[in-house]
Amino acid sequence: MTAAVLVAQLQEKGIDLWAEGDRLRYRVRNGVLTDDLRETLKSRKQELLAFLVERPPAPPAAITPGPDEDASPVPSIPGLSHPYIDHVNPYLGGLLARLEMDKTYLRGEGCRLWDEKGIEYVDFTAMYGALPFGFNPPEIWDVIASVRESQWPSLVQPSLVLPAGELARRLTELAPGRMRYAVFTNSGAEANEAAIKLCRAYTGRPGVLSTENSFHGKTLGALSATGRAIYQDGFGAPAPGFDYVPFGDADALEAALNERKDYYAAFLLEPIQGEGGIVEPPDGYLTAVREITARHGVQLVFDEVQTGLGRTGALFGCNHEGVAPDAITLAKALGGGIMPIGACVFRGRLMTERFALRHSSTFAGSALACIVALTALDMITRDDCRLIRDVASNGAYLKQRLLDVQVRYPELIKSVRGKGYLLGVQLALDGKAFTRGLFGYLAEQDVLSYLLSAYLLNVGKARVAPTMSAGDVIRVEPALIAGRDECDHFVRALEQTLALLRAGDTARLIGHLVGKQFDRSTGPIEVARESSIRAMPDREPTDEEAGRFAFLMHLLDITDCVGFDTTLKAFRPDQMSELKARLGTFLDPAAVGVCDFETPRGVKARGDLILVPYTSKELMEMTQSEAVAELQKALALAHRRGARIVGLGGFTSIASQNGLALRDASPVALTTGNSYTVAVAIRAIEAACREAGLATTQDLTVAVVGATGNIGRTLAMRMADRFGRLILVGRPDASALSRARLREVGLDIAHRAWRRSQNGGKHEPFAASIAARTGRLGSAPQPADFQRALASLGEDNAVLYVSNDLEAALLEADVVLTATSATEAFIEPDWLRRGAIVYDLSRPYNVSKLVAQKRPDVRVIEGGVVCLPGTPDFKFDLRLEPGQVFACLAETALLALERRYTHASLGPELYDGLIDELSALGDAHGFRIAA
């Protein structure tokens, strides 16, 4: 490779070179400087310096201009702009936009919302319990208006705020146990912060114990008490002093308190876990907790931010067991759906001077907020708590209806949980119902519940939300005023959704995202069983003696989605592209197929198929760092599933510099599979020539399209050993760099042929012709010498030439071999010689489908396909005949069978020794070329 080509290649890879005196300098913009490239720069330093001094590139800027650092980090949906997405939360806004949940609601009344189009929705989220009376309760607005008219001073700290005192008295009267004081906050998280400080100040102990899977808020102390790492990671939480025990396990609590006596100040507990997935503890748990904490001198704090004030069909969640804590935290419903306010209500003995004088908040306990909260309490408790009794009755009715739905759809609903109007429908995402079509994949990625919520909103007009930390649970949490009509509306919408799941009808479930309308009279579209994606656990049982491998694959183009899920044929390609753009950001690599097989020699192997959810075009349009990041996720998954070597299929190899960009950080051995692909291609082409009656290939012309690539270059070299004439074909629109690379390949082939002519290959016409043309070069010519001797690799050369006239070159060829990274077909019927043999190794194919239709005289071979012994089944539609796989996958399997868990076939060059060895190993293990 000349210095000019090397410099140009590095620039394409995002690496700039320049000379500073006698120093060779480089800067990596967006590529990866591998160890091999470093060695190349070191060994060719002087040559590169001479070139760069003679032809200096444009001087690099001090800072390479890149993307706007202040631009949104979230990929946008074309044509969509909204102030919320642009200036508030691009991640959440982008997620909602992709799921068509980005409604702009302009009116709310009771349990109903209306968007900017006037479409009506029934709300079943109630802002996670913060809307006890639904939207815009008139009584709350009336009291706010009265405060304005009375000119109550709202913020007058420090002073004796009368509404705050009255609210505190009212709360202590309503709360279970002998409560005496209340401190006010602006939110539930702040209420839990206050409770933590209160208990620490009283006990002098530093520790705070809570439960796994809990949620207590997102300020640092409340977040530290939250028993979910997904919320804590990256925020310095948990802070020191916070520990967790399993929810519902009284024995675990006892053990923790015995292990660290006199350490814990408080045990913070939700009577029913809300954000954790609407999880109820076993009967008697709260009673046992009360006894254990009292015996250890640990203050029991019930977090009733979500369960309190009627949500569960009792005034407080702990009332169901008749248990009184030492402190109780409230918020959400306390503000009546309008005003942000929280409270920590506690026993008199917990009050200390330290806490009383050192804990405060500017806006907490304002007159306006407290007056609104007093009104909310009156509305909740009036008529002997009639509203709460209605919640208990209607909640039981709704839960029973949901349990009836579970009976009708047992394979889809795992459980119905909760009390009152705090209910959760847990989907059976680990069941057999989600192994067909795309549903299994979506379920594995924790996306399915979001899509169901989107369908319920857009089609069923029922607004729900999945629990953020339990992706298999749909939270059902209407306003306390919701009646049975609203309950029936939700159940009907849910059943309509479940019918689509049962049928595997992905198209109808997601069609609303692209405005696709379906005729409801036709019923669900059944997905074909043979086109299923399977959702599988990270690890599956396997024979310990089996060689373990995985293979990375991707979508060739957007229409490949139909192969995974036949219901998607209902969409046009542009609609599928839009769906991919909407859902792609939610999808990570997934295991979609698995196969155990045994060779005739009794050697076993197990292989996994790992789907990288991008098309060829999408992978090529990524920066290398982006592509590497996605592929590293796939490698990590393969490693977790037990793979010892991973094959890089299709564009996963191209996007990673034939594996070099992944090699150093990979947890497993890698192979591109290109060596065995070359071996299979050579034998298949020779067989095709024999079948066509072409007894000798030495009189034939072979054209190689894509000779600058890893496979194309090696095949061109090997074809020169067998055919009499070789044409290296470039695209008419090829860049100067591509043309230079193609010429370099031609020179390398000439050099190799000359070496063969000197070592027993004198009777090969190609080698003999090259030797005759370069006979005066001496005993050790270099590629540069061939460039001078073969001044032009043009058509005047009898055995080898380089052409960028694709059509003319192909018309001269008896055999056409194509191995490019093009993402679309480009070889047309009229461009091929009569009776030509075309071996297409590219995926997507380079040969137009029209060739098969219009040129029956031309034999087109889908290249690189191998039959494994025993017709094994990966339980995934590879669009091949049973037992057939791609040669790159077959190489990965061969290396696993041989327990060769070392990198192979990586980088720009393939080696004859490995190609021949793998060819022999394939024969030994019963692999054969597909017909």
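## A β-α-β unit

Strand E9 (residues 264-269), helix H13 (residues 285-296) and strand E10 form a right-handed β-α-β unit. Right-handed means that, with the strands pointing away from the viewer, the path from the first strand over the helix to the second runs clockwise. Helices (H or I, at least four residues) and strands (E, at least two) are DSSP runs, numbered from the N terminus.

This is a predicted model, in which local features need pLDDT of at least 70, side-chain atom pairs count only at pLDDT 80 or more, and totals for chains, interfaces and linings use all residues. Residues are numbered from 1 along each chain as its sequence is written, and side-chain values use heavy atoms, with hydrogens and water left out.

E10 (residues 299-303) is largely enclosed by the rest of the structure, because 5 of its 5 residues are buried (under 20% relative accessible area, 1.4 Å probe, protein chains only). Gln299, Val301 and Asp303 lie on one side, and Leu300 and Phe302 on the other.

E10 pairs with E9 in the parallel sense over 4 bridges; two strands pair if DSSP finds at least two bridges between them. Leu269 is opposite Phe302. Strand E11 (residues 327-330) also runs parallel to E10, joined by 3 bridges, and Ala327 in E11 is the bridge partner of Val301.

## The sheet

An open sheet of 7 strands has the order E6-E12-E11-E10-E9-E7-E8, with mixed pairing. Its edge strands are E6 (179-185) and E8 (242-245), each pairing on one side only. E11 and strand E12 (residues 342-347) run antiparallel, joined by 4 bridges, with Thr329 opposite Cys344.

Conventions. Buried means under 20% relative accessible area, exposed over 50%, partly exposed in between (1.4 Å probe, protein chains only).
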